[in-house]
Amino acid sequence: MSVEPRLMANAIRALSMDAVQAANSGHPGMPMGMADAATILFKEYLKYDPKEPNWHDRDRFVLSAGHGSMLIYSLLHLTGYARPTMDDIRGFRKLGSPCAGHPENFMLEGVEATTGPLGQGFAMAVGMAIAERHLNAVFGDDLVDHRTWVIAGDGCLMEGINHEAVGLAGHLKLGRLNVLWDNNKITIDGSTDLSTSEDIPARYRASGWHVVSCDGHDFDSIRNALDEAIADPRPSLIDCRTIIGWGAPNKQGTSATHGAALGDDEVAAARKHLVWDSEPFDLPEPIERAWREAGARGGKVHEEWRARLAANPQREEFVRRMEGRLPEGSAKGDYLDWLSANPQNVATRKASEMALEAINAALPETIGGSADLTGSNNTKTKAQAPLTADNYGGRYIYYGIREFGMAAAMNGMALHGGVIPYGGTFLVFSDYCRPAIRLSALQNVRVVYVMTHDSIGLGEDGPTHQPVEHVMSLRMIPNLDVYRPADAVETAECWALSLARQDGPSLLCLTRQNLSQLRTERTDNFCAKGAYRLRAAKAARRVIIIATGSEVETALKTAEALEGQGIGADVVSMPCWTLFDRQDDAYRTDILPKGVLRLSIEAGTTLGWERYADLSIGLDRFGASAPAEDLFERFGFTADQIAPRIVAALNSGVK
């Protein structure tokens, strides 16, 4: 005997309101309102296998409206994923439960992306859809043939990033992307009429999307809309007209159901209204069985795919890329040998491009891009063809002036797997990317940010474009490796470390101005230590000069000036704080021993350097518009200006 979809949907409603009520915290309205559409999607359309959640050719489902997290937790439990268990759901929003307030990809299999910051889930789904089309172009339909599904709320569509993501998806004609819009016309403040009068469907149509509407509580209407979306070659917005908190008779349709528990009385009234007699966290056996059968639906499709994979001549390469393993061997060694024999006095942005020529030739999984600054970021290599609607096999994306959308899309590409995305903009515009960079770090994804024009050294564009606080503020993000290389060799080493890292993002801060190559002997990857002694004192050591990026060359000149006065000076290049902090005590103490004056030089804010240095040469103000060499002299970043300050500090007894 079949179970009606409404009863299956009511299981979602019951679990959602019970879990939120038990936690006395959460958002019951969204999962109750979208339960019907989600039931049809997971029961009849979505391609997935709870027994193997990471099946490479599964459909990707992203709950962009992450505040409604009990929707995905209910669906995962009901369809037979190993977790969340019912005990996990009972512990919703409590310490130790994987059912966090907002879905976290590292806590539960089946959660494809960490969502909650509205709009980013949608934008990450665009990246997933890009990755799917690219890998399909490379490996064909037999191995890669799936869709990306999103449930997004009114807030997701209001956020500025939505405009960037929608424009990019429409331009690339990502027809495998389908977004179910929970159009309940309610936000925390109340009706959406309070804040917007936008014609959202018209905006999507103007951006190259297909739009279809449905009654989000009528199962045939939902099916018809999903069928139409699948049939259309464009990305689709499925406008699901819903009632927030559907089933809570006194609060449904109001903001009272959005971000707070319903309360005991309303939960009891909802149970009566839904004819749901089971105790909290208890599921009727027929309904539970029906959901398990829905979850098992993808098993046969998965087995058929597995057979195709076993017979496919590209199997090993496909699996290698999807597992994130780099190929055996590397072009990096040959490139570094070449640099040793042919020193390059170039900007580190140019050094990055040179390294990428070797990297992209050796790693077919890299996909580059830039937010309309390709020629300035030097992110495109000669052999890279653009990834377009006519050529998804291309490996370079012109993101346009969409920094936030680019960063979020790269997160989605990395989460999908099979590709390693990198993208560029000016370092000062990392402010536009920052929420997505933070999610890169939180989600532990391999994304490489190429941020050029990293200081006052960019020159005449002036303080609007000159980063001052940016490097330090980015270092504050947990799990983000921030690199500021000093020359072409360090740039190549930092790229190698970024690509080898599978558990988090990296960000390269690169210069506009040319820098001398400081190392010409072939060595191990010194940057892997985060900081290393580039120059040892010749006279008795009295000072250690720590520097990053373009200021390392200045540090070397300063040390030479001090040695001329009989003052021994070490120079330590510190391209990456986090890597240095991961070294053992013995190494860190050897590089930065106590009892010696330690001075830092970096053309940015000095805040934070006190953890390593006794004195800091930096820039705690905005820059100015002038040629780079004039600015460095104006703000005290020359050896002739720094050496006397060190002598004065030593004479005054500062240590």
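A salt bridge is a side-chain nitrogen of Lys or Arg within 4 Å of a carboxyl oxygen of Asp or Glu. The model examined here is predicted, so local features need pLDDT of at least 70 and side-chain atom pairs count only at pLDDT 80 or more, while totals for chains, interfaces and linings use all residues. Residues are numbered from 1 along each chain as its sequence is written, and side-chain values use heavy atoms, with hydrogens and water left out.

The structure holds 44 salt bridges. In one of them, E132 joins R133, with the closest N and O atoms 2.6 Å apart.

Another salt bridge joins D142 and R308, at 4.0 Å from N to O. This pair links distant parts of the chain, 166 residues apart: D142 lies in the loop between α5 (120–139) and β2, and R308 in helix α12 (residues 299–311). Helices (H or I, at least four residues) and strands (E, at least two) are DSSP runs, numbered from the N terminus. With a relative accessibility of 43%, D142 is partly exposed; R308, at 31%, is also partly exposed. Elsewhere, K43, E44, D220 and R223 are linked in a network of salt bridges.

Attention now turns to the strands. Strand β2 (residues 148–153) is mostly covered, six of its six residues being buried. In a regular strand the side chains alternate between the two faces of the sheet. In β2, T148, V150 and A152 point one way, whereas W149, I151 and G153 point the other way. Two strands pair if DSSP finds at least two bridges between them. Strand β1 (residues 60–63) pairs with β2 in the parallel sense over four bridges, and V62 has V150 as its bridge partner in β2. Strand β3 (residues 177–183) also pairs with β2 in the parallel sense, over six bridges, and the partner of A152 in β3 is W181.

Strand β7 (residues 236–241) contains S236, which counts as buried because its relative accessibility is 0%. Contact means heavy atoms within 4.5 Å. Beyond its neighbours within four places in sequence, S236 is in contact with L177, N178, V179, W209, H210 and A229.

Key:
Buried < 20%, exposed > 50% of the residue type's maximum accessible area, 1.4 Å probe, protein only.
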